[in-house]
Amino acid sequence: MTRDELIELLEQYRAGIEAEVSLLQQLAGIARHQHEVSQESDFVAFRQVADNRDDIMRSLVSLEDNLREVRQALTSHREQARTVPGYEAVAHRHLEALRLVNAILSTDQESMSALADAELARRSAVVSLEKGETTLAAYRRVLSPPVASASLVDRLG
């Protein structure tokens, strides 16, 4: 591969990784917001945030599909590419993207844990309500026994 081709590939990758980092920064903010609403058990807000996240994820996946071949070509010619000016800056941005992905995954794990805790609390509340309902229904039967006076009316009527 010629030096000019490497320069062109590196420039393509630089532009792509910049766009990816920008999307990942947005995604990190959304992940933090999802974590906040999951702790508050605000599922309406969570769904809205999840829709925004889906939009960004679609953009990120599309961008990554376009960069895959460029990244593979640069990886195949890494030794030559390292001699191209700007390679270190692009490699640094690549590592920044990786750090952002790891931070997002960590936040997502915390969100899933909060959602699991909320689900356990919800199930416990349902069980408690069901027990209370059963007890209250039994108590109602004690307070208002079946009416036996209807047979008396039938005999006199």
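Glu96 is buried (under 20% relative accessible area, with over 50% counted as exposed and values in between as partly exposed; 1.4 Å probe, protein chains only), its relative accessible area being 19%. The structure is a predicted model, in which local features need pLDDT of at least 70, side-chain atom pairs count only at pLDDT 80 or more, and totals for chains, interfaces and linings use all residues. Residues are numbered from 1 along each chain as its sequence is written, and side-chain values use heavy atoms, with hydrogens and water left out.

Glu96 forms a salt bridge (a side-chain nitrogen of Lys or Arg within 4 Å of a carboxyl oxygen of Asp or Glu) with Arg93, and the closest N and O atoms are 2.6 Å apart. Both residues belong to helix H4, separated by 3 residues, about one turn of the helix; helices (H or I, at least four residues) are DSSP runs numbered from the N terminus. Shared partners join Glu18, Arg93 and Glu96 into one network of salt bridges.

The count of salt bridges comes to 9. Among them is the pair of Glu20 and Arg71, with an N to O distance of 4.0 Å. This pair links distant parts of the chain, 51 residues apart, with Glu20 in helix H1 (residues 3–39) and Arg71 in helix H2 (residues 43–76). Glu20 is buried at 6% relative accessibility, whereas Arg71 is partly exposed at 21%.

A salt bridge also joins the side chains of Asp108 and Arg53, at 2.5 Å from N to O. Asp108 lies in helix H4 (residues 87–143) and Arg53 in helix H2, 55 residues apart. Asp108 is buried at 15% relative accessibility, and Arg53 is buried at 14%.

Definitions and conventions: Helix = DSSP H or I, 4+ residues; strand = E, 2+ residues; numbered from the N terminus.
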